[in-house]
Amino acid sequence: MEIKWNEIESKWRKRWNDTKDFETDPNTKEKKFITVAYPYPNSPQHIGHGRTYTLADVHARFYRMKGFNVLFPMAFHYTGTPILGMAKRVEAEDKEIIENLKNLYGVPEEAIKTFVEPVKIADYFHKEIKTGMIEMGYSIDWRREFTTIDPVYSKFIEWQINTLREKKLIIQGSHPVGWCPKDQNPVSQHDTLGDVEPDFTEYILIKFKYEDYIIPTATLRPETIFGVVNLWVNPEIIYKKITVNDEKWIVSAECAYKLEFLDKKITYDGEIKGSELIGKSVIVPHRNESIVMLPASFVESGTGTGMVMSVPAHAPFDYQALEDLKKAKIEPKLASLVNKIMPISIIQTEGYGENPAKEAVERFGVKDQSDPKLEEATKEVYGKEFYGGKLKQNTEKFAGIKVAYAKDTIKEWLIENKYADILLELTNTPVRCRCGAECVVKILNNQWFLNYGDKDWKELATKCFDEMNILPQEIRSEFNYVIGWLRERACARQHGLGTKLPWDKDWIVESLSDSVIYMAYYIISKFVNNGTLKAEKLSKEFFDYIFLDTGDVNKVSAITGMSENIINEIKKEFQYFYPVDSRHSGRDLVPNHLTFFVLNHVAIFPESNWPKEIVVNGSVLMNGSKMSKSMGNIIPLRKAIQDYGADPIRLAIIISAELLQDADFNMESVSGIQNKLEALYNECSRLKSEKIDTLEAEDRWILSKTQSMVSEVTTSIEKMRLREALHDILFSFESNLSWYMKRVNAKNRRNISGILHQVNSTRVAMLSPFAPHIAEEMWEKLGHSEIVSTSQWPEFSQENVNASAIQSEELLKLLIDDISNILKVTKITPKKITIYTANSFKSKVYHSILEKVMAGQTNMGIVMKELIANPDTSDVKKIPDFVQKTIKDILSEPTEIRQTKLDSKDFDEKKFLTNELTLLGKKEFGTDIDVFSESDDNIYDPKGKARHARPFKPAILIE
């Protein structure tokens with residue numbers, strides 16, 4: 001029967017809405033508060049966005065079925081510049097964005113015309129995203145929905161920012177930030193095209209003197225100033241003559257532009273061709289010696305200052321450039337200067353002599369500057385010198401310092417003596433603002449910053465990270481790394497949507513600063529939405545009382561005009577639901593939002609309200625490629641739901657990768673999942689809940705395997721290994737059902753509906769968090785009256801696991817496989833098959849060995865000695881090969897199988913195989929099968945096979 005996905009999904013969404021199953025208030029149950037990063041409503045969500053929200057919803061649904069009172073809310077992040085930048089591009093009739101809105105997102109032209117107002121954009125996509133979330137079946141309490149420009153939310157953000165300032169964690173000063181020169185705003189990840197977090201590199205500018213000018217060169221290794229022998233200049237570049245504060249500089253045009261943003265007064269005085277500088281001399285600042293400027297086409301105007309200092313003893317690129325220049329046809333005078341240049345060795349490193357660059361170039365067999373092996377040589381030299389090098393005597397007072405520690409010391413000395421300056425550049429250039437402008441690094445003066453570099457604050461955050469659960473565990477080191485490098489971060493800007501800075505209304509709270517503790521606001525947003533809380537009534541005292549449990553309710557009541565009962569009800573609700581039990585987000589938010597989320601919580605809230613868990617997932621690829629408009633592989637989520645159904649989309653996202661991996665989504669997998677769900681649906685439609693009479697061997701086995709599945713799936717979901725869990729439910733367990741059907745068909749049984757109903761009810765219940773709509777439909781077809789979403793999660797019971805049943809059935813399967821393999825190899829048609837099981841003595845020895853192995857003893861000599869010492873097993877000395885093979889058999893199996901065999905000590909192999917193998921074997925191989933124990937008096941054993949039988953390894957004779 002083909003499933004009409006949209007009809008079924010619509011039916012169950014209505015049912016959930018009517019019964020208000022996901023609206024959550026405090027009760028007597030233990031709670032789980034699960035949150036996921038709220039979306040920016042500046043475009044519809046695509047399949048990639050669906051991953052994070054689907055994972056969080058599975059988590060919420062799972063805990064709800066486990067008996068927890070689960071709060072899973074949602075909001076929308078209007079604040080910041082993305083929506084503002086988009087409105088400006090629409091107003092400017094930007095062709096690209098208007099085409100995307102029309103063709104990719106299906107926005108009507110009439111709506112696009114209103115998009116010159118940022119809030120119209122946000123409202124439009126807010127509605128679109130919310131509808132998509134409902135269509136995906138997310139179990140959200142929509143009573144708590146809000147946007148970040150709601151008046152009460154602004155009051156909440158004022159309280160947050162004021163609290164941080166009172167704790168002296170917000171400072172005013174001058175610090176570097178990523179900057180949009182067009183919008184005149186600091187930029188962070190969510191303000192840039194492609195969601196790129198601006199990162200910058202600090203270069204040291206060494207000042208070389210040329211006539212009345214300074215020629216600065218950018219370096220990351222200021223210690224190498226002692227080994228400079230020439231400068232490299234690109235003769236094709238036209239350099240700018242500028243005045244920087246009171247000094248005259250010559251730099252590339254790009255460098256001059258960057259300097260304008262670095263708190264320097266810049267004036268443009270003229271130009272000079274690079275070719276005019278070739279052969280001219282400059283003075284090395286600290287040595288007062290002349291060195292020459294030489295031509296180099298590899299020097300780029302966009303990097304550093306457009307000029308480079310040359311240290312050929314320690315920089316393979318510089319050494320090879322000099323060698324190439326010596327071979328080139330250049331004017332005699334310049335050639336004479338080049339030939340006189342001698343590298344200056346300044347770093348002593350074990351394994352290198354006087355000229356490490358030369359040695360590396362020769363060892364790697366570098367031919368010229370274009371040789372890619374030059375990069376490898378450079379990495380090797382720089383790496384070994386950084387970690388193992390020491391400065392030589394010719395570095396004057398710095399002699400003996402390890403290179404790893406020299407940079408900051410020498411940098412301070414250079415700047416103090418006015419030998420150097422600082423240049424800041426974007427590392428991951430080009431970074432573009434959402435308005436389209438290319439971003440730069442800017443020094444902001446009198447700007448407001450969150451002092452994330454504060455040592456005590458970092459220690460507090462580290463304590464929280466150390467004590468919280470982070471899934472998957474391997475992401476923990478990334479958080480530690482971020483905490484390590486984090487420094488001051490702008491918390492205010494002058495353009496965009498958002499809350500005014502309470503003490504300086506010219507500024508707006510930055511969007512990554514107003515979205516770090518909003519999880520607390522979910523608790524009170526219900527009271528905002530029902531009209532209880534009004535912005536004009538709220539004050540610091542109210543928020544302190546609710547969130548920090550400080551102050552006096554009488555005073556809060558007097559200030560707000562609200563009754564003490566209402567105030568205490570809100571506070572009680574906060575104290576019930578907080579802290580956040582699980583925070584879900586994408587890996588791209590580890591360096592910013594997720595880390596700031598912890599930092600702000602530990603700064604503001606008492607330790608009892610610090611977050612308990614962070615869950616981080618990778619992104620989604622489409623057919624192996626990153627989703628992007630330019631690739632044309634973005635599929636809006638609602639379009640995919642309409643075409644394929646929400647549940648197949650949910651499952652295709654989940655089953656394509658584990659948590660931290662990038663999920664490679666493709667439509668073929670969606671079709672495969674649809675087929676799988678249809679097959680299970682049809683099966684459920686046929687089954688009736690019938691009374692289960694006497695259980696046969698295969699019944700006990702399938703019910704035990706179902707219990708094992710419950711245990712494994714539950715553990716997987718708790719660890720957010722959702723791909724593993726879903727695979728177990730939908731695919732792995734199918735092989736168990738196939739075997740079960742083979743067994744019952746061999747016996748021509750018809751009384752299995754009750755068993756299959758019980759087994760599939762368990763599967764459908766566990767499928768429910770993953771595919772909630774179709775699971776409800778299957779559950780209904782199975783005849784259950786209540787809905788599966790709020791039913792009890794299947795509980796694992798060790799009492800319901802029959803170890804003997806599991807072991808006996810595994811033995812039967814292996815035996816059938818062994819017979820099949822023998823027939824396949826020998827290519828004979830069997831007329832008679834005889835099976836020989838081990839005698840009781842071998843079984844006794846086997847279990848004795850198994851107990852010793854499970855206790856950790858695997859030494860053959862010790863095991864043999866202990867067996868011989870025991871009167872019950874002393875005869876084992878007659879069959880030493882048996883002991884060796886048994887130990888090998890046991891060690892070749894997983895621990896859980898060993899445990900099952902240990903638990904099934906009383907298992908009678910001969911009796912089981914006599915009862916269960918005959919019919920199955922007849923159906924499989926078309927012949928009778930006889931079963932003997934090797935100790936039977938009337939044994940038929942013409943080939944002497946019986947003596948080879950071992951416990952769980954019967955001997956086989958095929959004639």
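1. P41 sits in the loop that links β1 (31–36) to α2 (47–65). In this predicted model, P41 is buried, at a relative accessible area of 0%. Not counting residues up to four places away in sequence, its contacts are H77, Y78, I83, I121, A122, F125, H126 and I129. The C-alpha atom of P41 is also 10.0 Å from that of T147, although 106 residues separate the two along the chain.

2. The largest nonpolar core holds 221 residues, and the members that touch the most others are L101, F156, F547, L767, F770 and I835. Helix α26 (residues 722–746) contributes the most to this core, with 11 residues. Apart from this core lies another, of 73 residues, which includes Y210, I214, M307 and A406. In soluble globular proteins, nonpolar side chains tend to be buried together.

3. I835 deserves a separate entry. Beyond its neighbours within four places in sequence, I835 contacts L815, I819, L913, L917, I929, D930, V931, F932, P954, A955 and I956.

4. Helices α26 and α29 (residues 803–826) pack with their axes 12 Å apart, at an angle of about 80°. An angle from 65 to 115 degrees counts as roughly perpendicular, and α26 and α29 are therefore described that way. From α26 the contact takes N736, W739 and R743, and from α29 it takes E809, L812, K813 and I816. By class, the residues of this contact are 3 nonpolar, 1 polar and 3 charged.

5. Q807 also belongs to helix α29. Its relative accessible area is 5%, so Q807 is buried. Leaving aside residues within four places in sequence, Q807 is in contact with I897, T900, K901, S904 and F952.

6. Helix α22 (residues 637–644) meets helix α23 (residues 646–655) at an angle of about 115°, and the axes are 7 Å apart. On the α22 side the contact involves L637, A640, I641 and Y644, and on the α23 side A646, P648 and I649. This contact has 7 nonpolar residues, with no polar and no charged ones.

7. Helix α10 (residues 316–327) has 12 residues, which at 1.5 Å a residue should span 16 Å; the C-alpha atoms at its ends are 17 Å apart, in agreement. Its buried residues are P316, D318, Y319, Q320, A321, L322, D324 and L325. These buried residues of α10 pack against the strands β7 (230–233), β12 (289–295) and β13 (307–310), and against the helices α11 (332–340), α12 (356–364) and α13 (373–388).

8. Positive phi values are the next backbone item. Most residues other than glycine have a negative phi, and most peptide bonds are trans. E211, which is not a glycine, has a positive phi of about 50°. The residue lies in the loop between β5 (200–210) and β6 (213–219), and E211 counts as exposed at 57% relative accessibility. N245 likewise has a positive phi, near 55°. N245 is placed in the loop between β8 (238–244) and β9 (247–251) and is partly exposed, with a relative accessible area of 41%.

Conventions
Residues numbered from 1 in each chain as written. Predicted model: local features only at pLDDT ≥ 70, side-chain atom pairs only at ≥ 80, totals over all residues. Heavy atoms only, no water. Core = buried A, V, L, I, M, F, W, Y, C linked by side-chain atoms within 4.5 Å. Buried < 20%, exposed > 50% of the residue type's maximum accessible area, 1.4 Å probe, protein only. Helix = DSSP H or I, 4+ residues; strand = E, 2+ residues; numbered from the N terminus. Contact = heavy atoms within 4.5 Å. Expected span 1.5 Å × (residues − 1). Axes fitted to C-alpha atoms, helices over the stretch in contact; angles between N-to-C directions. Parallel < 35°, antiparallel > 145°, perpendicular 65-115°, else oblique. Nonpolar A, V, L, I, M, F, W, Y, C, P; charged D, E, K, R; others polar.
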